Amino acid sequence: MRNALKRFLIIDKRNAPNQKRLAWAAFAVLAIILLALPFAIDGLFGRGWVRVLDFALLYIMLALGLNIVVGYAGLLDLGYVAFFAVGAYCYALLGSPQFGIHLPFWIVLPLGALLACLFGILLGAPTLRLRGDYLAIVTLGFGEIIRIFLNNLNAPINITNGPQGISMIDSIHLGEFSLGRTQEIFGITFPAAHLHYYLFLIFTLLVIFVSLRLQDSRIGRAWAAIREDEIAASAMGINTRNIKLLAFAMGATFGGLAGGLFAGFQGFVSPESFGLTESIMILCMVVLGGMGNVGGVVLGGILLVVIPELTRHLAGTAQQALLGKTVIDPESLRMLMFGLALILIMLWRPAGLWPSSQRRRELIAPAPPSV
Amino acid sequence: MDIFLQQIINGLVQGSVYSMVALGYTMVYGILGLINFAHGEIVMIGAMVALSVIQLLTGAGFPIFFILLISLMLSMIVCMILGYSMERIAYRPLRNAPRLAPLITAIGLSIVLQTLAMMFWGREYHSFPLLFTNDSVHIAGAVITEVQIIIITVALVMMGGLLILVHRTRLGRAMRAVAENPSAAALMGVNSNSVISITFVLGSALAAIAGIMISANYGIVHYLMGALLGLKAFTAAVLGGIGNLRGAMLGGLLLGLIESLGAGYIGDLSGGFLGSHYQDVFAFFVLIAVLIFRPSGLLGERVAERA
Amino acid sequence: MTSPAATLLKISGIEKRFGGLTALSDVSLHIQAGEIYGLIGPNGAGKTTLFNILTGLYQADGGKFLFGDIEYAGRSKPHILAKAGIARTFQNIRLFSNMTILENVMVGCHHHSHTGIWGAITRHKNARNEEQQIAHRAAELLIYVGINRAHHMLAKNLSYGEQRRLEIARALATNPKLLALDEPAAGMNATETDSLKTLLQTIRNHGVTVLLIEHDVKLVMGLCDRIAVLDYGKKIAEGVPSEVRNNPAVIAAYLGG
Ligand SMILES: Nc1ncnc2c1ncn2[C@@H]1O[C@H](COP(=O)(O)OP(=O)(O)O)[C@@H](O)[C@H]1O
Ligand SMILES: [Mg+2]
């Protein structure tokens, strides 16, 4: 049995056409699953879980963006959610009654991504020539600052509407076709949650594609080189600051993109969605799944959206049943899980659940001596 | 004029708290080259423990001085144990790991500590009991309260003590040796592991005191107080030159002054556009400015990485 | 070899201090295009420090150097100097140890290739061609330095001697005019040292000037056209091997140090 499996898995020349056919078959199955997923989940668990799925896709996009910064280039960004916020507020301000501006989706979304990219460059330029720990602190501070501004820019001129946030944001729409309401296509009824799922899936696949392409390129090699040994990289002619800035800006762009989608999906944004918790959660996804490995990051994203959602539903009931009262509220439990996950993974499985082959070797082996 | 003086006094008080916390960052950084992200949470835990002890003892009719002493001792002990275990559990196993690893565990630690504190002490703001009379001294139109005088005095004494410890004692010599060159220190018979532990313990003790001082000054304790405080104290350490004890003290005081003067005048400066709730952003801009113009800080020397 | 001996690198009056320690004081050297120039001296003499200044890893406290036609005050960024044509290896090997050996060398091609974000994502024709060229060149360089291993092998799994040679290949990939080698024979056995010697001669014969720090006196004497001796940050002798060997100051420095 095992031998048969081995033979099956080993690629040899004669077997190559079969292999190819097999790959196509797997691809087709995956595509069908992904297409049918919202309907299956809707039928099995209810509409709420389709929305959870939509959020999972948004967070996967965020995690993949952060993965470029942390996983590829080895830079720790603790305020990543700030770029998410920039994208979301850009969309919210330019597509809501707040200013009475209603720009179309296909303009606002890239604009938000661009703005986030710009913020990334502004923040990265002064800090990226310094040691990595400074970047961690500065980004942490930046995340807080953005929130302070969002919270307070409601007076004397009301820009962000303060802690109440901005509501009645335009739904994502192309001309007359809006994702905000149920649509009928070819006789099939697509509820809003399903429509968003497909849109987000397209963007997620795009981000995955870009991530994979970047990783295996001249740029990706330069990122890996500075992560491995910044001094040697610079002595080989890599402009380390620019190449780090590039990673930072790419990550920020993806964050801004996800932010715009988030605003259009929720129809409402407030500073509360962009706190340190969210930054940490995204970092957790990257670390849990496996820094630098796209597959691992996707896995991490799914796990960390679904597990807390499950605990939210189950933890309360379980505690009620077992102890007769709620000792730990689900929110605390979630945070506790994140914190412990970060510690335990670094101590015991530093390369994550599904590491890239390269990062695994690197994180498990001791660092090269610094002298 | 009196507003100006008042802001200076407030700044010095706030600054001396920053200094004490910054010392913790700087000591650990000097010895390990590591930013102990969870340091701010130790300050918070220190304040929380003191709060609980005071609440517990106040009803029992002990004299104020005794209550204060006990709460100070207990919160220092808790923090010292915490600092010690933190290093043992989360940092020591990763000493030879890539840089990113201890940074990530440190973040994890501070999340865990925050959450535990929230579960234990709740989400609400606690008012920190008034330990002294509300008496105050008036100087040229400005007011300085008794608590503030005590804060500044304690801070000065602690910092002086620390300087003496580091520069005049055997232990201090060992600490400096480990910071300079761990392998050479080991050759000279210094046990660098215990020196590192002691550094964490000392820093945590200072953090406990700082936690109590800041709570006494503002009269408020909250489970999230450590995060922002930590960020600011770290800024202070960078401003002074990270790794440099005097730098941390100077940086703390300066940051306190910048903040309080900034908050006092931000309205005028921005033509009324920005109000004093932007106080918290000053530290951040100071941090960015220092990193751009003088990354080695005011008193730090440029340390080139060895190639 | 080049017949009119043009100066490739002219170092004048370089100073470097670390706190109270003067690591280099008033060091001046002229290195001719096409020669193998040896830099020797006891441990701690300042040889590596000089390399670090030439490659932009340290900033000089004084002095300057002229490389090609451009003058540097010892404050340029490493990547600028790499682009200008100074490549190096490190005394304690600094490979990208978890990247493959091919990738290590390909990184050396970074500054003279151009594919940016857009090319990386779309993999348009130019990008594909460039990637292929780089990979091809890297593979050639691996063979050139004598590493016959699977391209996807990780750098850290090479033997010590091979790692040293991989560093040379990576440096050569930057298309340098001057190749600065920091103790390349350290830790090598006699056969390895011999083949290293041949390799360095080949490199020189292909028109790359070599600046060599080395402790193996036999290797230096047999290989170098000229030699300079550093001691306590000062140049105490310079000349052809036979002169330097008999210089009393050099003998004193080695016996006394
Ligand atoms: N980054 C540094 N900080 C402090 N001292 C240094 C540094 N780099 C080198 N030195 C000192 O400079 C002197 C010269 O070192 P080095 O150039 O490495 O010597 P060599 O390569 O000739 O053996 C030594 O005393 C060394 O300790
Ligand atoms: Mg050397």
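At 34% relative accessibility, A:Glu230 counts as partly exposed, a class that lies between buried (under 20% relative accessible area) and exposed (over 50%), with a 1.4 Å probe and protein chains only. I begin with this residue in what is a predicted model, where local features need pLDDT of at least 70, side-chain atom pairs count only at pLDDT 80 or more, and totals for chains, interfaces and linings use all residues. Residues are numbered from 1 along each chain as its sequence is written, chains are lettered from A and ligands numbered from 1 in the order in which they are written, and side-chain values use heavy atoms, with hydrogens and water left out.

The partner of A:Glu230 is A:Lys244, and their side chains form a salt bridge at 3.0 Å, N to O. By salt bridge I mean a side-chain nitrogen of Lys or Arg within 4 Å of a carboxyl oxygen of Asp or Glu. A:Lys244 belongs to helix H10 (residues 240-266) of chain A and A:Glu230 to helix H9 (residues 230-235) of chain A, so the pair ties together parts that are 14 residues apart in sequence. Helices (H or I, at least four residues) and strands (E, at least two) are DSSP runs, numbered from the N terminus. A:Lys244 is buried, with a relative accessible area of 2%.

Let us turn to chain B. There, B:Glu259 and B:Lys232 meet in a salt bridge of 3.3 Å, N to O. This pair links distant parts of the chain, with B:Glu259 in helix H10 (residues 245-269) of chain B and B:Lys232 in helix H9 (residues 225-240) of chain B, 27 residues apart. Both B:Glu259 and B:Lys232 are buried.

In chain C, the side chains of C:Glu167 and C:Arg170 form a salt bridge at 3.4 Å, N to O. These two residues stand about one helical turn apart because they are three residues apart in helix H6 (residues 160-172) of chain C. C:Glu167 and C:Arg170 are both buried. Elsewhere, salt bridges that share partners join C:Glu35, C:Arg226, C:Lys235 and C:Glu238 into one network.

Finally, chain A as a whole. Its secondary structure comes to 14 helices and eight strands, and of its 371 residues, 57% count as buried. Among contacts in chain A (heavy atoms within 4.5 Å) with a separation of 6 or more, 72% are between residues 24 or more positions apart.
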